[in-house]
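These entries record what I looked up in the structure shown below.

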Amino acid sequence: MIENAIIISIASLGFRAITDKGMILYFLRKPFEAHQNEIVRYLAKPVILCATCMASVHTLVWYYAIERHYSLNTIIVMLMVAFLNTILWSITEKGLS
């Protein structure tokens, strides 16, 4: 399970990084950051805006791609990815500023 969590965390944080301001795919993120509607911003968090929140959607996508099925382990891996994303992204942000 830890291997899956690490792989998914790297994939989701990589996506989060390349959509950050100044990066090549920022155009995907920009409309959601500037959007005035709070509901749209809230719904975009688990997809592109929030590293911790991204664990939910990205785990569902990547876990199925790796294992070809869902199980109780999916939820455990999702929590592990949320933890890893939170820790690793906070370290990354400190290093970038």
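Entry 1, helix packing. I took each axis as a line fitted to C-alpha atoms, for helices over the stretch in contact, with angles from 0 to 180 degrees between N-to-C directions. Helices are DSSP runs of H or I with at least four residues, numbered from the N terminus. The model is predicted: local features need pLDDT of at least 70, side-chain atom pairs count only at pLDDT 80 or more, and totals for chains, interfaces and linings use all residues. Residues are numbered from 1 along each chain as its sequence is written, and side-chain values use heavy atoms, with hydrogens and water left out.

I looked up α1 and α4, and found that they pack at an angle of about 125 degrees with their axes 9 Å apart. The two helices are therefore oblique to each other; angles under 35 degrees count as roughly parallel, over 145 as roughly antiparallel, 65 to 115 as roughly perpendicular and the rest as oblique. I noted that α1 passes α4 in a right-handed crossing, a term for the near helix being turned clockwise from the far one by less than a right angle, with anticlockwise giving left-handed.

I then listed the contact, defined as heavy atoms within 4.5 Å. On the α1 side are Asn4, Ile7, Ile8, Ala11, Ser12, Phe15 and Arg16, and these meet Met54, His58, Thr59, Trp62, Tyr63, Ile66 and Glu67 in α4. By class, the contact of α1 with α4 has eight nonpolar, four polar and two charged residues. Here Ala, Val, Leu, Ile, Met, Phe, Trp, Tyr, Cys and Pro count as nonpolar, Asp, Glu, Lys and Arg as charged, and the others, Gly among them, as polar.

I found α3 (residues 38–49) and α4 (residues 54–67) packed at about 55 degrees, their axes 7 Å apart. α3 and α4 are therefore oblique to each other, and their crossing is right-handed. Lys45, Pro46, Val47 and Ile48 of α3 make the contact with Met54, Ser56, Val57 and His58 of α4. I counted five nonpolar, two polar and one charged residues in the contact of α3 with α4.

Ser9 has its place in α1, which spans residues 2–18. Is Ser9 buried or exposed? At 1% relative accessibility, Ser9 counts as buried; buried means under 20% relative accessible area, exposed over 50%, and partly exposed in between (1.4 Å probe, protein chains only). Leaving aside residues up to four places away in sequence, Ser9 touches Val81, Leu84, Asn85 and Leu88.

Ala5 is also found in α1 and is buried, with a relative accessible area of 0%.

I located Asn85 in helix α5 (residues 72–96), where Asn85 is buried at a relative accessible area of 0%. A polar atom of the Asn85 side chain lies 2.9 Å from the backbone oxygen of Ala51. Beyond four places in sequence, Asn85 touches Ser9, Ser12, Leu13, Ala51, Thr52 and Ala55.

The phi of Arg68 is near 65 degrees, a positive value in a residue other than glycine. Most residues other than glycine have a negative phi.

Note on methods:
A polar contact is a pair of N or O atoms within 3.5 Å; within protein, one must be able to donate a hydrogen and the other to accept it, and residues adjacent in sequence count only if both atoms are side-chain atoms.
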